[in-house]
Amino acid sequence: MEKIFAGILGMGHYLPDKVLTNYDLEKMVDTNNDWIVERTGIKSRHIAAPEQATSDLAFIAAERALKDAGIDGKDIECVIVATESPDTKFPSTACLLQDKIGAKNAAAFDLSAGCSGFVYALAVANTMIVSGLYKHILVVGAETLSRIMNWQDRNTCVLFGDGAGAAVVGQVEDGYGILSIDMGADGSGGQFLSQPAGGSRKPASHETVDAGEHFIHMDGSEVFKFAVKIMGRTAENAMKKAGLNTEEIDLLIPHQANIRIINSAAKRLGISMDKVFVNVDKYGNTSAASIPIAICEAREQGLLEKGKTVILAGFGAGLTWASIALKWSK
Ligand SMILES: CC(C)(COP(=O)(O)OP(=O)(O)OC[C@H]1O[C@@H](n2cnc3c(N)ncnc32)[C@H](O)[C@@H]1OP(=O)(O)O)[C@@H](O)C(=O)NCCC(=O)NCCS
C-alpha cells in the first residue's frame, strides 16, 4: 500500500483581548514584575472575557484554521480538542465545537494530556490520516485556565494564560509533514500538577470549594525538575526517530511554560536560541494552546516556509511529554 504522509494544511489562533500584566498582578497578589520576569520570562498573559468559554476561543481559532486550509466545516471528519479547561466535563468541548463549525460529518472528542495535549492530538490525527481512516481532521488546543486559577496563589496565578490554536490536518506531499513522534507519560508524578476536586475521587462539595481544591495545584519545583529533564530528551528522541541531527533543525517550537526550561532544553539539544521560538513573555503558559499559538506566530514571522524542519516539544500534567518532528509542507 502507498505510504501516506500527514501534515498541517492550515492553522489559526486566537488570544482574548484582555491583557493582564505583571504590574496588574502586583496589585492582586504578593508578587513583583522582577521576580516573575527573572524566574519565568513572562511579562503578560491574556484572559478570556467573562462570557467566553474554551469552546468560544477554540471556535475563533478553528474558523481561522479552516479558512487558511480552504476547507469547509462539513468536510472535517474528526474534531479533537486538547484541553484541561473544557466548557463542561461533558459534553466534550470537541462536540460543542463540532456543532459551532458545522462539522456535521465529524466524530468529536476531547483529549486530556495537559500541556502536551496538542502534540498528543496531532499524533492521533496523524495515525488517522496515514491509516486512511479520515482525510481532514481538526486538531485544537484551547484553554481558559483563568477559570480554574486561584488568584490568591502566587505560585500558580502568575504562570498561566488563556488562548487557542487550531490546525487542519490532512494528507501532504510525500516526504513532508509529520516525520516522527515521541510520546510518554509518568503517572507517578500526577500529583505535582492537578485539579484535585470535581471528579469521581472528590466530587465538588462546599468543603472542596472552601478548600480551593477546584483550582490548579502545583508543586513548582517538582514540575520544574521534570520539565528540565524531559523536554530536551523527548525532542532528542523525535529527532533520532526521524534520523535528523541538530544541524538539520531549522526551528524548535517548545511548549511555552518558562524561559529557563526552554533555555535548558535548547542547551541539551545544542540548538542556539535564535532557532528556538519564544513567546512565553507575551502569553504565559497557555497549556495545550501554547504550541499551536507558537506555530502560528512563527509562521507569521516568516520562520516556516515550505521545507523547513521543525521540532515541536511539549510536557505537562499527567505527567506527560510529546514531541513531533515535521517538515513544513505549506
Ligand atoms: C514556579 C517556578 C517559576 C518557581 O520558580 P523557582 O525558581 O523554582 O522558585 P521557588 O519555587 O524556589 O521559590 C522561591 C521563592 O519565591 C517565592 N515565590 C513563588 N512564587 C512567587 C511569585 N509569584 N512572586 C514572588 N515570589 C514568589 C516562593 O514562595 C519562594 O519563597 P521562599 O523561598 O520564601 O519560600 C518554577 O518552579 C517553575 O517554573 N516550575 C514549573 C512550572 C510549570 O512549568 N508548570 C506548568 C507545567 S506545564
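Visitor: Which residues of α4 does α3 meet?
Guide: This is a predicted model, in which local features need pLDDT of at least 70, side-chain atom pairs count only at pLDDT 80 or more, and totals for chains, interfaces and linings use all residues. Residues are numbered from 1 along each chain as its sequence is written, and side-chain values use heavy atoms, without hydrogens and water. Helices (H or I, at least four residues) and strands (E, at least two) are DSSP runs numbered from the N terminus. With contact meaning heavy atoms within 4.5 Å, Thr54, Ser55, Asp56, Ala58, Phe59 and Ala62 in α3 meet Thr93, Leu96, Leu97 and Lys100 in α4.

Visitor: How many residues of this contact of α3 with α4 are charged?
Guide: Ala, Val, Leu, Ile, Met, Phe, Trp, Tyr, Cys and Pro count as nonpolar, Asp, Glu, Lys and Arg as charged, and the others, Gly among them, as polar. By these classes the contact of α3 with α4 has five nonpolar and three polar residues, and the charged ones number two.

Visitor: Are α3 and α4 parallel or oblique to each other?
Guide: Helix α3 (residues 54-69) and α4 pack at about 50°, their axes 9 Å apart; axes are lines fitted to C-alpha atoms over the stretch in contact, and angles run from 0 to 180 degrees between N-to-C directions. Under 35 degrees is roughly parallel, over 145 roughly antiparallel, 65 to 115 roughly perpendicular, and the rest oblique. The two helices are therefore oblique.

Visitor: At what angle do α8 and α9 pack?
Guide: The residues that α8 brings to this contact include Phe224, Val228 and Met231, and those of α9 include Ile261, Ile262 and Leu269. The contact residues divide into ten nonpolar, two polar and five charged. Helix α8 (residues 220-241) and helix α9 (residues 259-269) have axes 9 Å apart and an angle of about 40°.

Visitor: Which residue does a cis peptide bond join to Gly318?
Guide: Most peptide bonds are trans. A cis bond joins Phe90 and Pro91, with omega about 5°, and Pro91 is in the loop between β4 (78-82) and α4 (93-100). Another cis bond, with omega about -5°, joins Gly318 to Leu319.

Visitor: What is the phi of Ser287?
Guide: Most residues other than glycine have a negative phi. Ser287 is in the loop between α10 (280-283) and α11 (290-300). Although Ser287 is not a glycine, its phi is positive, at about 50°.
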